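Subject: Structure handover

Hello,

Here is the structure I promised to pass on. Please open it and keep it beside you as you read my notes.

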Amino acid sequence: MERVDVELGERAYPVLVGPGVRHRLAAEVARIGARRVVVVSARPPEWTPDPGVPHRVVPARDGEHDKTLATVEALGRAFAEFGLTRADAVVSCGGGTTTDVVGLAAGLYHRGVAVIHLPTSLLAQVDASVGGKTAVNLPEGKNLVGVYWQPRAVLCDTEHLTTLPEVERRNGYGEIARAHFIGAGDLRGRTVTEQITACVALKARVVAADERDAGLRHILNYGHTLGHALERATDFRLRHGEAVGVGTVFAGRLAGRLGRIDADRVAEHHEVVAGYGLDTTLPSGVDADDLIAFMRRDKKSTAGLTFVLDGARGPELVPDVPEDEVRAALTAM
């Protein structure tokens with residue numbers, strides 16, 4: 001088992017990675033002193049561990065179409081019906097959409113109750129469950145309504161990954177590919193436990209330095225501006241990690257057009273993403289005007305089209321990128 005601590009003072013918490021760590025749930029519930037628990041699970045009973053205290057299991061479904069305020073309301077009502085108090089806790093068991101929605105519901109209910117995440121997809125284990133960002137979607141864009149609400153523990157059980165279809169494992173590699181360009185190093189050929197641990201360790205360092213996106217944390221959104229737009233433009237036919245993979249190649253092309261990186265570094269973006277078995281081109285049927293409109297509504301945007309781009313000083317937030325350069329980079333995709 002590997003352990004990474006997210007250092008946030010009194011709100012610090014462990015992220016445990018390895019086979020069987022889901023069975024540590026009861027110990028983590030006891031550690032935080034929760035008396036009762038609501039477990040929100042998108043997994044079958046045999047993959048949903050017992051929290052060791054009186055509890056209720058609320059079924060959930062992974063997927064962007066349930067990542068809505070209506071789902072948050074339904075969860076809040078389930079918490080209230082069970083009589084959940086601020087002395088209790090919520091547990092999420094599922095993929096990244098489940099950890100996002102459950103985290104937001106926990107952060108809003110009684111203005112905040114403890115939450116423990118058991119991410120069960122590769123994407124959720126390498127990224128979505130760690131760092132305290134919670135959000136749901138609106139028709140106008142991805143992750144536009146949310147709060148920062150840090151979990152009390154994250155248990156990344158690699159045995160959960162054995163239940164995934166290949167398309168979901170591939171989906172997770174989009175986040176691992178983008179981590180290559182923000183400080184995780186080359187993770188190709190490493191074991192999945194090593195890949196998850198390296199991504200979590202990188203995110204933990206960034207979150208500890210900039211919990212609320214004042215500056216450094218923006219680098220975690222590498223590849224995400226186009227990625228989120230592609231998800232919306234395809235009605236989520238393109239999964240998040242797949243979209244981030246395409247967005248990472250695009251970020252390299254755009255940085256090259258702006259003279260921030262050389263041709264070899266642009267090519268490296270393509271090579272790394274393709275090396276994880278991910279698509280590197282725009283899906284058919286997407287319209288550049290639609291993509292640009294979605295990107296203008298990205299939550300990072302405060303001055304025109306805004307992207308996290310590589311450069312001589314490393315990745316950084318670049319505001320007010322000319323639209324003609326964005327269109328040209330899209331055309332090249």
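How many salt bridges does the count come to? The count comes to 29 salt bridges. Keep in mind that this is a predicted model. Side chains of opposite charge can pair when their charged atoms come close.

**R22 and D157**

R22 forms a salt bridge with D157. Their closest N and O atoms are 2.7 Å apart. The pair links distant parts of the chain, 135 residues apart. R22 sits in the loop between β2 (13-18) and α1 (25-32), while D157 belongs to strand β9 (residues 153-157). Are these residues buried or exposed? R22 is buried, with a relative accessible area of 9%. D157 is buried too, at 0%.

**E64 and K142**

E64 pairs with K142 in a salt bridge. Here the closest N and O atoms are 3.4 Å apart. E64 is buried, with a relative accessible area of 14%. K142 also counts as buried, at 6%.

**R265 and E268**

This pair is in helix α9. The side chains of R265 and E268 meet in a salt bridge of 3.1 Å, N to O. The two are three residues apart, so about one helical turn separates them. An α-helix has 3.6 residues a turn, so residues three or four places apart point the same way. R265 is partly exposed, at 23% relative accessibility. E268 is partly exposed, also with 23%.

Salt bridges that share partners join D127, E175, R178 and K203.

**More on helix α9**

Helix α9 covers residues 263-275, which is 13 residues. From first C-alpha to last, α9 reaches 18 Å, close to the 18 Å expected. Which residues of α9 are buried? They are H269, V272 and V273. These three cover an arc of only 95 degrees around the axis, so they lie on the same side of α9. What covers them includes α5 (166-179) and α8 (240-257). The face turned away from the buried side carries the exposed residues A263, D264 and G275.

Now look at the ends of the helix. At the start of α9, a side-chain oxygen of D262 reaches to within 3.2 Å of the backbone nitrogen of D264. G277 follows α9, and its phi is positive, near 80 degrees.

Best wishes

Note on methods: Residues numbered from 1 in each chain as written. Predicted model: local features only at pLDDT ≥ 70, side-chain atom pairs only at ≥ 80, totals over all residues. Heavy atoms only, no water. Helix = DSSP H or I, 4+ residues; strand = E, 2+ residues; numbered from the N terminus. Expected span 1.5 Å × (residues − 1). Buried < 20%, exposed > 50% of the residue type's maximum accessible area, 1.4 Å probe, protein only. Arc of directions from axis to C-beta. Contact = heavy atoms within 4.5 Å. Polar contact = N/O pair within 3.5 Å; in protein donor to acceptor, adjacent residues only side chain to side chain. Salt bridge = Lys/Arg side-chain N within 4 Å of Asp/Glu carboxyl O.
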